[in-house]
Amino acid sequence: MMPFPNVERRGVSALPGRSWLRGAVPALALSLAMMACDADPAPPFVVEGTGSMDGFLFLDADRSGFFDPFAGDEPLAGVPFEVRDRGTSRVFGGGSGVTGSDGRFAVASLPPGTHDLWVDPAGLPEGALLCRNPLPVSVYLAESAEAMVAAEPVCLISIQEAKEAGTGAFVNVSGIVTSFPGQLRSQYTYIQDGSAGVRIFSAAIEGLGIEIGDRLTLTAEVGIFNNDLQFTSPGLEEIEPGVGAPTPQTTTTGAMAAAGPSPADPLQGRLVVVRAAQLQTNFTAGGNRNGLIDDGSGAMELRIEAALSPAGDPIRERFTVGNCYDVVGVVGNFNGTAQIFPRSFDDITEVACTGGS
Amino acid sequence: MLTMNRIRNTVLAALVALAGVAGAGEAEAQAGTTTGAIGVRVLSTADQPLSGAQVVARNQETGFERGGLTNAEGRVTLRLLPPGIYTVRTQFIGYRVEEVTDLQVTIGQTAQLNVELVESAVAVAGIEVTGQVQTLNTRDASVRQTVSEAEISSLPALGRDFTDFIALSGLVSPIPEETTGGQFALGGQRPSQTNLQIDGADANNSFFGENRGGSRVPFTFSLESIREFEIITNGFDVEFGNYSGGVVNVVTRGGTNRFEGNVYANMRNDALTANTFAGSPVEEYRVNQFAGRVSGPIVRDRAFFLFSMDGQIRREPRATISQASFLEGEEPDEVGASEFDRFLRILENQYGIQDPAASYGNFQTTADQLSFFGRIDWTLNENHRLSARHNYAGFVNADLGGGFNSGRSGAERLESVSHSFVSELQSVLGERTSNVARFQFATERRPRDGNEIRPRLIVDNLGQTQQQVQFGGTNFAFQNRLEEDKLEFSNVLNHARGSHTFKVGGRGMLTSITNQFIAFGAGQYRFRNLDDLENFRPYQYTRDQRGDGQLPLARFDVLEWALFAQDEWQVTDRLTTTLGVRYDQQIFRNRPERVIDVERAFGVTTGIAPFNPNNISPRFNVAWDRLGDGSSVLRGGVGYYHGRIPYVLGGNVEQTEVPILSLLCDGDLDDNAPNAPPRPTNYQGWNTDGSDNPFTCNQGGDLRGIPTYTLWQEDFKYPSTLKYSVGYEQLLGRGTRASVDLVYTDSRNLYTVRNLNLRDAQFTLENEGGRQVYVPRELFTATGGGAGANNRRNTDFADIYVNYNDGLSRAFSATFELEHRFQDRSSLRGSYTYTNSYDNSSYSCCTANAGWTNPRVGTASPNEVGGVDGQAWGPSNFARNHTLILSGTTMLPFGVRTSVIWRWNTGAPWGPENSGDLNGDGVNFNDLPFIFAPEDLPLATSDPAVAQEQRERYAGYLADNPCVGDYVGQLIPRNTCRQPSFNRLDVRINREFNTVGGQRLGLEVDLFNVLNGLNSDWGRYVSVSAARRNLINPVRFNQETSQIEYTVPTGFGDTTTIGANLLLQFQAQIGLRYRF
């Protein structure tokens, strides 16, 4: 490879003596003078100037996102904070302090860009949580970025996180209704999000006109009943009707059976479908309407709740042992035994057996 | 070893020395852009100049005459001569009339003729015919190569595009597997810095910086309409501008006094084509071309016409995914075949696609072209000559593009229709003054429409081979259209006074652009499996769109104008110097809207259009007729040039006045999350014009996404180039010519693109030469996936591109050429060209993102490409170090004529890469790897046996590839390796038969890549493909050691043969021509 030389600044001094030049001089001189310009590489882009940040930390008791003293919101004073270079622990010069008595704070001379505003959780009063910490704040040149930081009594988390929070935990979740109150039992409402599904046990929800596909945002307490995890004492924060019914997740009887003993398993509480599962035993009479189904991956219980099949319903005549069915339902368990709960008989469709079972 | 500085200084010193030879003399004159000139010096037998001798040049084909009287020095120059064969008649009272015949006049050159008159008193009165003469152009130091009418008509051409013959110049950097039709790099410069002009008028597509019609169009002008052209890399004449690489100057044919014409047709097909380089036969391939030309006098010796047409019907095979393709692999994938069948059923039943199977499998693409050309030349009187011509070209390319996995549904229909009308008035305004006025109106329309522009449906994995399948969508043809209209005027006035000939002129061109374009405008859904496709459960939806929901539209005008003046000074009988200056301006007349948010965030000025008032181009050249007889010339020059920028740079700004929003919906549908993909449940009911394609995520509402903008740098400058050249040309006996030309080019202010929203460096990789990383250490992955918004300065924005201008380029070339013309119309031309070209970015066009991601970077980001010897500095992608070209034509026995072109050149530069993003700038593949010693290479494996195996493999790569192994312990510079050389031989065999009345029938057989035809192992295009350039691939960033850990892939540096390419596989073309 031929090495490429360094560039030298060029000028007319390198030209031979004057007697040689005559008419060529002006053109050459001008050209070479122009070449001497711009020889250095352009400098990197640098943003010059600074901006600032004005902040306000408060307890958002009603979780409205706004400061409303009449709703119990109050400023949080004396809480340490830092303005950090985003994604790092580097604190900008003058970028740390504590909130004032009015919950306010200000940081000057910040470089423009998006920074992390971090609030020390240890400085918060008991029962106040920062659901997003650090908070990204964009600072613009010669402007003051408004940073309103709302500490909340609870944070919206995924259903799976809530299920794993443990019995007695107070959680805040949002999910789509897959089974409305009264469909299985009057106290049963099933919701799910992308992480998991869960049963809400409360008679207070019935009568609100909730339908499958609505989204519920609520606070609740995590509980266990006969090894089946459920949320109790719900406090409904928001009902968004008609968001859209989730599509049942395709699974197998074996997968559900395996998930049975684990109340916090993501499959528990989720709306699922199993294909061509063969009914292996007939339903028991009375309130214990359980039959065994198996799609070839392992048997599990198909439970027909009383709301679908009240006393006197000829359930044994509806289904035939040895036949196969596609079954849609929510997943639960009873003392560690997995069960699938169809929400209506429309959730059970007889199909040809594929031979897998 | 020569260095570029020494080369440059040597060229410069020789130039200055040449300039120093001075004296006094008489004027000669300058040739034009579309015409040539004849310079005559009339002497007596006593070597005394004869003043007042009458000299008349007559075009032997058209009867066109131009005459003049010699001056006190016995000189006269006959200007504005249309190229052709001339007879020059000289007479003076008391002297015998002398006539020289068959004098070739070529565009842009002055044929020099010395005439010695014999006194009639000492000789029998009458006419002395001296026959053919050959002289050199001794007036001008330009570095140019002319492709003659004879070469155009006799040499083999694959596709009948005259630009194929541009490859006869060793200064062109071809890409063998791609056609050069639309773009070609000259002298190692960017293709956009080549300026094509036809009949003196602009013939570029200014938007993309390419030929009008673009690279996909087989030809715009019929080969039947091209007379000759020249490739000028150093055109010191100030009439030439708007380039830094070179000018391709073309003139079209006109009619003559002879009524004549011909019809022509040829064919190529799969039976005449060799197997692919993988050994498979070509099927369903055919090309038929047909052409015709008729020309003749309207009024003998005064007015002429020429009409020509050229057409093409081309069908090309295309193989895409199908049920069968799953079964054709080494391990047939029956599951995949079955699932593909289900994929089609779902498309039909759930998405309402009619006959989806028709989109896949094997089909033919269409590339049909039709062009018409008409020209009229009218000699109004002895002083004025008017010509006018119009060219139409229409092209349809159906089922273009798309991928293997999407088949026809992902392809598009591209059309290109162009018109150009050019008229020229050549006027002689007295004995010493002439003028050329020129006008052009040209239009071009390029609509591109995807075959299916509803969102693309992608299913990730089918079958055991985990093949991805797609339906519909388009990346670049979502109601895309480009319209370019041009109005151009130019005027050049020549005036001779004493020993000086002055040229002054100007040119103005107003271009109106309309461009509607958005990448990824159709959007696309991704599904994990067929169940999800069937149940309308995508896991992702992405789409780019403009913030107001409208399609991005750029409408703007660009005004180019230039003024120039030049003095050609006949310093002595033998020495001519030319000093000129040109001023260029390129004005984007529509100021874009301000982007206040960007100003607030980044402190830059927006709402500006580029304006650079300093585009002054002084030029000087000197030519020395060493012996004074036109048989040898020493020439040299230095000049400054200002190139264009492709207007698409302005289009990128205009289109983001309302920002482009990048929508990403990847929330969970089970959660009905706000950012979950919108369900395509009603896909079959959506309008097929794309108007129903979703522009929000699951919950509707306002347009969403993070904005991208493109801006102009505040003091944007246009590309500027300084060129030096020194050359020598010598006639070696009758018919033989030899020349050598040394050219040095220094370009700066080449356009680049910066991204303002890249944050400052966060940390440094000490074990990789101090590579700076733009993502916080804790978030860095080095694989490219983790950069996300973490490398952005302000996360309220996506990319903020800025058209910048810190591109640099330097190139040196030396061309040695030898040409011999035999008596029997045979000729042979051979040349060797050495080119060494370096730059810091080989970006030529088009999107802002392409400009930002093009430079290869080492320690810093693409925002700091650096200068000479900076991190991105290296051999240009357009460098081809050595090129040998042989071309010629000769008669064989039995009236068979054969013509050949053989070209050999060393390969394009390349360098080792890696698959990741080693500095977190958000761009994969642009980072120069650090060349570790094998024992120091941080590996991602903890298995000693695996580590040992990888180190040995890596050590082997270094040993086998010195272009990599020589750089152990440093960040490797760019493009240290070279692809293998490539050569091809094309041959034409032609035999004509007389029919009736002097009419002839000709049979032409063109053979392309003959070596491949002789042996399937020969003539292959072998290269290190992109997949074989990954030296080390990052796996993760080890937070504890602060080192990137790598794996060593297999196959680095291995050469592979391109599988199938219908430009390279041997083909025969059979043509018939009937001349009347």
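These legends accompany close-up views of a predicted model. Residues are numbered from 1 along each chain as its sequence is written, and chains are lettered from A and ligands numbered from 1 in the order in which they are written. Local features need pLDDT of at least 70, side-chain atom pairs count only at pLDDT 80 or more, and totals for chains, interfaces and linings use all residues, while side-chain values use heavy atoms, with hydrogens and water left out.

**View 1. An open sheet in chain A.**
Four strands of chain A form an open sheet in the order β4-β3-β6-β7, with antiparallel pairing. Strands are DSSP runs of E with at least two residues, helices are runs of H or I with at least four residues, and both are numbered from the N terminus. Two strands pair if DSSP finds at least two bridges between them. β4 (91-98) and β7 (135-139) stand at the edges with a single partner strand each, so one side of each is left without a neighbour in the sheet. From one strand to the next, the twist averages 25°. Such angles run from 0 to 180 degrees between N-to-C directions, with axes fitted as lines to C-alpha atoms, for helices over the stretch in contact. Strand β3 (residues 80-84) of chain A is joined to β4(A) by four bridges. Opposite Pro80(A) stands Val98(A) of β4(A).

**View 2. A cis bond and two positive phi angles in chain A.**
The peptide bond from Asn133(A) to Pro134(A) is cis, with omega near 10°. Pro134(A) sits in the loop between β6 (113-119) and β7 of chain A. Ser109(A) is not a glycine, yet its phi is positive, about 55°. Ser109(A) belongs to strand β5 (residues 104-110) of chain A. Ser109(A) has a relative accessible area of 54% and is exposed. Buried means under 20% relative accessible area, exposed over 50%, and partly exposed in between (1.4 Å probe, protein chains only). Asn226(A), also not a glycine, has a positive phi of about 50°. The loop between β12 (215-225) and β13 (228-240) of chain A holds Asn226(A). Asn226(A) is partly exposed, at 28% relative accessibility.

**View 3. The largest nonpolar core.**
The largest nonpolar core has 32 residues, and Tyr954(B) and Val964(B) have the most contacts inside it. A nonpolar core is a set of buried Ala, Val, Leu, Ile, Met, Phe, Trp, Tyr and Cys residues joined through side-chain atoms within 4.5 Å. Two or more residues each come from β39 (763-765), β47 (930-931), α9 (944-960), α10 (962-965) and β54 (1043-1047) of chain B. α9(B) gives the most, with four residues. Apart from this core lies another, of 30 residues, including Met256(A) and Val328(A). In soluble globular proteins, nonpolar side chains tend to be buried together.

**View 4. Helix α4 of chain B.**
Helix α4 (residues 334-350) of chain B has 17 residues and should span 24 Å at 1.5 Å a residue; its end C-alpha atoms are 24 Å apart, which agrees. The expected span is 1.5 Å times one less than the number of residues. Among the buried residues of α4(B) are Phe340(B), Phe343(B) and Leu347(B). The buried residues of α4(B) pack against α3 (323-327), β25 (456-462), β26 (467-471) and α5 (530-534) of chain B. Gly352(B) follows α4(B) and has a positive phi, near 70°.

**View 5. Gln730(B) in its strand.**
Strand β37 (residues 720-731) of chain B contains Gln730(B). Gln730(B) is buried, at 16% relative accessible area. Its side chain makes a polar contact of 2.4 Å with that of Tyr728(B). A polar contact is a pair of N or O atoms within 3.5 Å; within protein, one must be able to donate a hydrogen and the other to accept it, and residues adjacent in sequence count only if both atoms are side-chain atoms. Beyond four places away in sequence, Gln730(B) touches residues including Leu136(B), Arg626(B) and Ser632(B). Contact means heavy atoms within 4.5 Å.

**View 6. Asn137(B) in a loop.**
Asn137(B) lies in the loop between β8 (127-129) and β9 (143-147) of chain B. Asn137(B) is buried, with 11% relative accessibility. A polar atom of its side chain lies 3.2 Å from the backbone nitrogen of Arg139(B).
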